[in-house]
Amino acid sequence: MILPIVGYGDPVLRKVGEAITPEYPNLKETIANMYETMYNAYGVGLAAPQVGMPVRLFVIDMTPFSDDEDLPSKEQNDLKGFKKTFINAKIVKEEGEEWSFNEGCLSIPDVREDVYRKPTVTIEYCEEDFVVKTEVFDGLIARVIQHEYDHIEGVLFTDKISSLKKRLIQKKLKNITEGKTSQEYRMKFAAAKKGR
């Protein structure tokens, strides 16, 4: 089932997600819905807060990036079919020299900015089997993991840009909060909740 994506300004995007247990209600269905929602919006990552659930869960499918000819062929291969569910993730380490990449977010439509992140990330997480594993990722995979991980920490990519750039996109952000944006995917906006 395709879920509405929560727009910038909704308080759920600022909550630190709570850990979940194997007993979490309808977990398999929730994960399936999140993938379906992400694909419907042409995203490569989606975190539970973006569909209104303040829990430590996000999904990633990097396959769309595997066609990017600007990337080295090894990275293209790594991205092909890289699909993973991250439950109760905890970033243990971020390493390397920060690099810039133009990021966007399904909750902040029509806003893209260059964000600096470290290239390598060590993360502890579970998949649906709830077996804890620790893995190291780098390149674009690491970046998307960091972006989605920020969501379960109540952080948005717009928090990581300069104050000048923030001022330049202020109007766009205000419009998203008020629902004055049109997307090809369903969204839910903070202002609509207040009954404005």
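Is R117 buried or exposed? I looked up its relative accessible area, which is 5%, so R117 is buried. My cut-offs are under 20% relative accessible area for buried, over 50% for exposed and partly exposed in between, with a 1.4 Å probe and protein chains only.

**Ground rules.** I am working on a predicted model, where local features need pLDDT of at least 70, side-chain atom pairs count only at pLDDT 80 or more, and totals for chains, interfaces and linings use all residues. Residues are numbered from 1 along each chain as its sequence is written, and side-chain values use heavy atoms, with hydrogens and water left out.

**Entry: salt bridges.** I searched the whole structure and found 14 salt bridges. I count a side-chain nitrogen of Lys or Arg within 4 Å of a carboxyl oxygen of Asp or Glu.

**Entry: R117 and its partner.** R117 forms a salt bridge with D150, and their closest N and O atoms are 3.0 Å apart. I placed D150 in helix 3 (residues 139-152) and R117 in strand 6, so this pair ties together parts 33 residues apart in sequence. Helices (H or I, at least four residues) and strands (E, at least two) are DSSP runs, numbered from the N terminus. D150 also counts as buried, at 11% relative accessibility.

**Entry: strand 6 to helix 4.** E113 and K165 meet through their side chains in a salt bridge of 3.9 Å, N to O. E113 sits in strand 6 (residues 108-117) and K165 in helix 4 (residues 163-177), so the pair joins parts 52 residues apart in sequence. I noted E113 as buried at 13% relative accessibility. K165 is partly exposed at 31%.

**Entry: K84.** The K84 side chain makes a salt bridge with that of E127 (3.9 Å, N to O). K84 counts as buried, at 14% relative accessibility.

**Entry: largest pocket.** How much space lies in the largest pocket? I read off about 420 Å³. A pocket here is an open set of points on a 1 Å grid over the protein atoms alone, where a 1.4 Å probe fits, with protein on both sides within 12 Å along at least five of seven lines; lining residues have an atom within 4 Å of a point. Of the 23 lining residues, V44, G104, C105, L106 and R112 are the closest to the centre of the largest pocket. Strand 5 (99-105), strand 6 and helix 3 each give at least two residues to the lining.

Technical notes. Grid points are joined across faces, edges and corners, and a volume is the space filled by probe spheres set on the points.
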